[in-house]
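Please read the points below with the model open beside them.

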Amino acid sequence: MSSSPPVLKTSGLSKRYGKRLALAGLDLEVPSGRVFGFLGPNGAGKTTAISLILGLISPTSGRVELFGEDARRQLAASLKRVGAILEGVAFYPHLSARDNLRICAAISGGVAAARIEETLRLVGLSGRARDKVRGYSMGMRQRLALAAALLHDPELLVLDEPTNGLDPAGMREFRDLIRELGRSGKTVFVSSHLLGEVEQMCDEVAIVKEGRVIASGAVADLVRQGDALDLRVTDVAAAMEALAALPWPAVLVDGDRLSIEAPRDSAAEISRALAERQVYLYELRPRETSLEEIFLELTSEEVVS
Amino acid sequence: MTVLGAEILKTTKRWMPYVLFLFAVAGTAVIILLFGYTAWFNERDEAEAGFGIESFFTFAWPWSLQALLDNGQFYGSALFVAILTSSSVATEYNWGTARGALIRGQSRGKYLATKLAGTALICTMFLLAVFAVGVLFSVIATAIAHKSLTLDVPGGPSVPEIGLMILRAAWGIVPYGLLAFMLAVVGRSTALGVAGAIGYMFVEGIAIAILRELSGIWNDIPDILIGTQVSSLIAANRFGGVEYISFAPRERPEATDLPDPWMAALVIAAWCALLLAVAFFVFLRRDLQSRDV
């Protein structure tokens with residue numbers, strides 16, 4: 001992990017609408033130069049959190065720091081360094097893509113005209129740049145939103161469900177682009193419900209449920225948290241007795257197959273414990289859990305990491 | 001491109017200002033050519049004898065300036081400024097583009113001020129164009145009627161005084177435009193801005209007439225209403241002691257019954273400040289959520 005201060009940090013960030021708590025003390029740290037996934041089921045508070053980060057709504061309590069500064073005090077200046085795609089992409093429907101980007105450039109300030117053409121090319125809209133946005137498909141609007149977000153070459157990208165409306169090819173291109181941006185040193189904060197996408201795109205994730213972070217960390221670490229070892233043994237009954245003495249729960253799958261929820265580096269200890277009971281292994285292999293499985297497990301139960 | 005240039009681009013590429021412009025030109029033609037020249041032409045014998053003389057002073061240069069500015073102040077406010085202002089504010093909510101601007105680092109104050117300045121600039125350009133078309137109609141009608149085109153008539157204005165007359169009428173438009181602006185910002189709705197501003201203008205004219213007939217404190221209330229101040233400015237635009245046709249639903253402004261124009265201008269400024277304060281107060285503190293998209 002980078003040693004530089006976090007690009008984005010939230011501390012105890014809460015938002016209440018009447019009796020409903022939309023966000024409950026969100027604590028996040030997004031390190032510089034990382035692609036950070038923000039996961040949660042519908043209604044978990046992801047869009048509320050992003051709206052708070054971007055200053056569109058005021059927090060009930062807590063604070064947001066962007067680039068080490070209190071975002072409320074330095075909002076306009078901080079946001080000049082941020083590019084964002086919001087849920088429900090919005091453009092002037094009576095204007096062309098190019099004119100929409102010209103307006104974005106005017107607001108951002110200091111964007112050269114050549115950069116508009118460059119971003120249009122980057123998102124594959126050069127050929128349709130003169131067409132009015134009202135005639136665009138959802139996927140084209142999403143591409144235009146990405147162009148608008150990248151227009152001023154921001155240091156931090158905040159993307160709320162950015163692949164909505166994209167076809168599979170578009171999603172793949174988008175994923176590649178995000179990876180490329182991450183490699184180029186940009187920080188990307190992306191909310192999504194497409195877990196496979198996030199797993200492939202992101203270095204780190206935070207999983208939210210009911211306005212709270214219930215798990216966070218490097219994707220590799222989270223996936224490893226759900227690691228298990230699959231075994232085939234010579235004597236199942238003796239094996240179950242031997243494994244009962246170990247700190248990890250083991251279950252009989254079928255026949256001579258067992259599964260034990262233990263990290264990979266416990267394999268030696270497990271094989272030794274079995275050997276001491278004269279139980280021998282036909283097979284011992286790690287079983288990796290996908291982020292999707294972790295997500296579903298965490299969001300369907302009360303688990304706190 | 002500057003942010004103001006961006007604001008003008010957004011609005012001038014919509015069809016709405018051009019449609020409103022055509023309506024305004026049509027309205028001008030109705031007043032100058034139909035109720036002015038045509039009515040005078042059909043009754044010119046009586047008019048020469050002193051009957052139907054209002055029609056003549058409605059189309060004939062330079063008296064037509066009074067009719068143009070009186071009608072223009074009311075219908076320019078109601079049908080052009082209120083609609084265009086409300087629409088340009090509220091559609092940004094409906095399209096979600098207000099959020100798009102704010103997340104790019106444009107401060108809320110600057111966003112709203114730019115929107116206001118852009119809308120004001122566009123309204124000014126279009127209304128001046130409508131006024132120019134109205135003057136052109138008047139000049140043509142006056143020439144066709146074989147009357148002389150001169151400012152040298154009894155009580156007639158000089159060129160600088162015409163400029164002052166335009167400014168008075170324009171200042172009378174501003175509070176109603178800001179009323180529409182404030183209502184559209186607060187209500188996030190074009191309909192509320194338009195209906196609120198136009199409704200207020202019509203109701204206010206009637207209310208002032210009724211309140212003037214009452215006694216006590218009721219009789220004093222019109223003194224602080226926008227309409228009374230606007231009437232004072234319009235009354236100050238009158239010259240030559242002539243009558244003209246006005247379709248503005250208010251009593252014919254007579255300077256003797258109204259506050260001093262400078263005082264009226266100050267009271268209008270106070271109303272403008274109040275309306276702006278409400279709009280900015282609400283917008284600077286409002287949560288802009290995704291359902292505003």
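Is the crossing of α1(B) and α7(B) left-handed or right-handed?

1. In this predicted model, the crossing of α1(B) and α7(B) is right-handed. Helix α1 of chain B covers residues 3–12 and helix α7 of chain B covers residues 108–144, and the two pack at an angle of about 55° with their axes 9 Å apart. Because of that angle, α1(B) counts as oblique to α7(B).

2. On the α1(B) side, the residues that meet α7(B) are V3(B), L4(B), E7(B), I8(B), T11(B) and T12(B), while α7(B) contributes T114(B), K115(B), A117(B), G118(B), T119(B), L121(B) and I122(B).

3. Chain A has a secondary structure of eleven helices and 14 strands, and its C-alpha trace spans about 75 × 45 × 35 Å along the principal axes. Of the 305 residues in chain A, 44% are buried; among the contacts in chain A with a separation of 6 or more, 69% are between residues 24 or more positions apart.

4. The contact between the chains takes 27 residues from chain A and 26 residues from chain B. On the side of chain A that touches chain B, α1 (46–53), α2 (75–79) and α3 (97–108) of chain A each supply at least two residues, and the largest share, seven residues, comes from α3(A). The residues on that side of chain A comprise 17 nonpolar, six polar and four charged.

Key. Residues are numbered from 1 along each chain as its sequence is written. Chains are lettered from A and ligands numbered from 1 in the order in which they are written. This is a predicted model: local features need pLDDT of at least 70, side-chain atom pairs count only at pLDDT 80 or more; totals for chains, interfaces and linings use all residues. Two residues are in contact if their C-beta atoms, placed from the backbone, lie within 7 Å. Helices (H or I, at least four residues) and strands (E, at least two) are DSSP runs, numbered from the N terminus. Ala, Val, Leu, Ile, Met, Phe, Trp, Tyr, Cys and Pro count as nonpolar, Asp, Glu, Lys and Arg as charged, and the others, Gly among them, as polar. A residue is buried if 20 or more other C-beta atoms lie within 10 Å of its own, exposed if 12 or fewer, and partly exposed in between; C-beta atoms are placed from the backbone. Axes are lines fitted to C-alpha atoms, for helices over the stretch in contact, and angles run from 0 to 180 degrees between N-to-C directions. Angles under 35 degrees count as roughly parallel, over 145 as roughly antiparallel, 65 to 115 as roughly perpendicular and the rest as oblique. A crossing is left-handed if the near helix is turned anticlockwise from the far one by less than a right angle, and right-handed if clockwise.
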